[in-house]
Amino acid sequence: MIRTAWLVLKKDLTVEVRSLEIAYTTLFFAVSCVLFFAFALVKEGKAPEDGAAGILWIAIAFAGTLALGRTFERERQSETLRALLMAPADRPAIYVGKLLGIIALLIAAEIVLVPLVAFLFQAPLLSHPFWLAAVLISGTIGFAAVGTLFSAMLVRARSRDVLLPVLLYPITVPVIIAGVRATAELLQPDVELSLVRFWVALLLALDVVFVTLALWTFEPLMTD
Amino acid sequence: MPKWFMPLAGINAVMFAAAPFIIASANYEATMGLVQKIFYFHMPSASMFLVSAVVCGIASARYLFGGSPRQDRLAYAAAELAVLFGAITLVTGPLWARKAWGVWWAWDVRLTSSLMGWMVAWAYLLVRKYGGPGSDKLAAGLALFGMANVPFVYISVNYWRTIHPKTSVVPTLPADMGMALWFSFASFLVLFVLLLRLRVYLEEERTKLDALYLSLDE
């Protein structure tokens, strides 16, 4: 089970490292997104309060949607997803491998986005690096858990590019709310860590619910 | 259609005709006055909204793991009703809130999670309509995630500091108000059952028609 997940992850990372297609396009998209917000919201050198937290998460969500779409579009081109599903391996293991690949990609994007947002919006994002990492990682897991399941299912559907956000955003609203609130709290001059801890706990609870539901439904959903 | 449908529909029509009189005869609430009476429509439709989401989720789970098309039709019907009752809830709520809180909308946990649940129901219908072949399973997966939201909506007012009234308000109502509320609730419940049955029936007929077309082609 762990071996299968690792093999799927290794395959995805190898394909990605050779072309870096998704990494570059996603990152470029996310950076343009942040720039748009900077033009729209920064007035006289000052960003609105809590603006940086919202913008960081919007950029992650949009870039994540793009990365999810591309990752599975690649699997669709020569029907490799079908081949993967026909392999004598546990379906949940395939899901876990795909999920880890997406999470790795998004965390790589966040490593670039966080300093960029901190720089453009003069936000003290890096004053609590440990807590920021906890918020970002737990939020990314929740977002990617739902996203991987739905984009895998959408591979066979018509108009999948439009339907992915339709499916993904209503379900992941709690993740985005908790992520934004926790990040906004970290930007306050005197951070109340009990509040941050509460939001991270909520994010972890959502992660558990989403990953469990996804593992449980991946098998029947991917069967023709 | 089952035999009970038409008589029950007649009874339900009488119930809805009588509801305004029963609601009007209940006492005015001390601080809110007339506006409080929105509650007799808001709470029952909100309950039916959550019931629809649960019915849709359970039917979807049974469809995914059992594969019976009957459950799929039930889930589809319930999702449409979730959109309908959710719309009533989200219209009556702000009408009351404008008077009670001074604003149409507040980003309160319960309001946000209800809106999110309503959007999931819309997403379900959009996927069914535009997803093409295989969208029934896709939508069923979505419904399961949507159902996970329901307990959250219900407990949200009791566990979080929100401005929405708590669920414990209902048992503490004076007898006349409680009477009017439960009468409305029963009317909405019967309406829900009727609409659900009617919508499933429509979907059954459509399946039959599709089968006939297919056999004609062969």
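Visitor: In which helix of chain A is Leu221(A) found?

Guide: In this predicted model, chain A has a helix that covers residues 193-221, and Leu221(A) is found in that stretch. The helix in question is α8 of chain A.

Visitor: Is Leu221(A) buried or exposed?

Guide: A residue counts as buried if 20 or more other C-beta atoms lie within 10 Å of its own. Leu221(A) has 21 other C-beta atoms within 10 Å, and therefore its class is buried.

Visitor: Which residues does Leu221(A) touch, not counting those up to four places away in sequence?

Guide: Leu221(A) and Leu204(A), 17 residues apart in sequence, are 25 Å apart in space from C-alpha to C-alpha. Once residues up to four places away are set aside, Leu221(A) touches Met153(A), Leu64(B), Lys137(B) and Gly141(B).

Visitor: Which elements give two or more residues to the side of chain B that touches chain A?

Guide: The contact between the chains involves 20 residues of chain B and 19 residues of chain A. On the side of chain B, the elements that give two or more residues are α2 (39-66), α4 (109-130) and α5 (135-147).

Visitor: How many residues on the side of chain B that touches chain A are nonpolar?

Guide: That side of chain B includes one charged residue and five polar ones. The nonpolar residues there number 14.

Visitor: How many residues does α2(B) give to the largest nonpolar core?

Guide: The largest nonpolar core has 123 residues, and those touching the most other members are Leu56(A), Val117(A), Val146(A), Leu167(A), Ala75(B), Ala78(B) and Leu142(B). The largest share of this core comes from α2(B), and that share is 16 residues.

Visitor: Which residue of chain B is in contact with Val146(A)?

Guide: Neighbours within four places in sequence are left aside here. Within chain A, the contacts of Val146(A) are Leu168(A), Ile171(A), Thr172(A), Phe210(A) and Ala214(A). From chain B, the contact of Val146(A) is Phe145(B).

Visitor: Is α6(A) roughly parallel or antiparallel to α7(A)?

Guide: The axes of α6 (residues 129-154) and α7 (residues 160-186) of chain A come within 9 Å and cross at roughly 170 degrees. Angles over 145 degrees count as roughly antiparallel. The relation of α6(A) to α7(A) is therefore roughly antiparallel.

Visitor: How many residues of the contact of α6(A) with α7(A) are nonpolar?

Guide: The residues of this contact include seven polar and one charged. The nonpolar residues number 16.

Visitor: How many residues of α6(A) are buried?

Guide: The helix α6(A) has 26 residues, which should span 38 Å at 1.5 Å a residue, and its end C-alpha atoms are 36 Å apart, in agreement with that expectation. This helix is mostly covered, and its buried residues number 20.

Visitor: How far apart are the end C-alpha atoms of α3(A)?

Guide: The 27 residues of α3(A) should span 39 Å at 1.5 Å a residue. The model agrees with this expectation, since the end C-alpha atoms of α3(A) are separated by 39 Å.

Visitor: Which residue with a positive phi follows α3(A)?

Guide: The phi of this residue is near 55 degrees. The residue that follows α3(A) is Glu79(A).

Visitor: Is Leu20(A) buried or exposed?

Guide: Leu20(A) lies in the loop between α1 (2-19) and α2 of chain A. Although Leu20(A) is not a glycine, its phi is positive, about 55 degrees. With 10 C-beta neighbours inside 10 Å, Leu20(A) is classed as exposed.

Visitor: What is the phi of Gln122(A)?

Guide: Gln122(A) lies in the loop between α5 (91-120) and α6 of chain A. The residue is partly exposed, with 13 other C-beta atoms within 10 Å. Its phi is positive in a residue other than glycine, with a value near 50 degrees.

Visitor: With which residues is Val42(A) in contact, leaving aside neighbours within four places in sequence?

Guide: Val42(A) is found in the loop between α2 (21-41) and α3 (51-77) of chain A. With 15 C-beta neighbours inside 10 Å, Val42(A) counts as partly exposed. Its contacts beyond those neighbours are Ala47(A) and Phe121(A).

Visitor: What percentage of the residues in chain B is buried?

Guide: Chain B has seven helices and zero strands. Its C-alpha atoms fill a box of roughly 70 × 40 × 25 Å along the principal axes. Of the 218 residues in chain B, the buried ones make up 36%.

Technical notes
Residues are numbered from 1 along each chain as its sequence is written. Chains are lettered from A and ligands numbered from 1 in the order in which they are written. This is a predicted model: local features need pLDDT of at least 70, side-chain atom pairs count only at pLDDT 80 or more; totals for chains, interfaces and linings use all residues. Two residues are in contact if their C-beta atoms, placed from the backbone, lie within 7 Å. Helices (H or I, at least four residues) and strands (E, at least two) are DSSP runs, numbered from the N terminus. Ala, Val, Leu, Ile, Met, Phe, Trp, Tyr, Cys and Pro count as nonpolar, Asp, Glu, Lys and Arg as charged, and the others, Gly among them, as polar. A nonpolar core is a set of buried Ala, Val, Leu, Ile, Met, Phe, Trp, Tyr and Cys residues joined through C-beta atoms within 7 Å. A residue is buried if 20 or more other C-beta atoms lie within 10 Å of its own, exposed if 12 or fewer, and partly exposed in between; C-beta atoms are placed from the backbone. Axes are lines fitted to C-alpha atoms, for helices over the stretch in contact, and angles run from 0 to 180 degrees between N-to-C directions. Angles under 35 degrees count as roughly parallel, over 145 as roughly antiparallel, 65 to 115 as roughly perpendicular and the rest as oblique. The expected span of a helix is 1.5 Å times one less than its number of residues.
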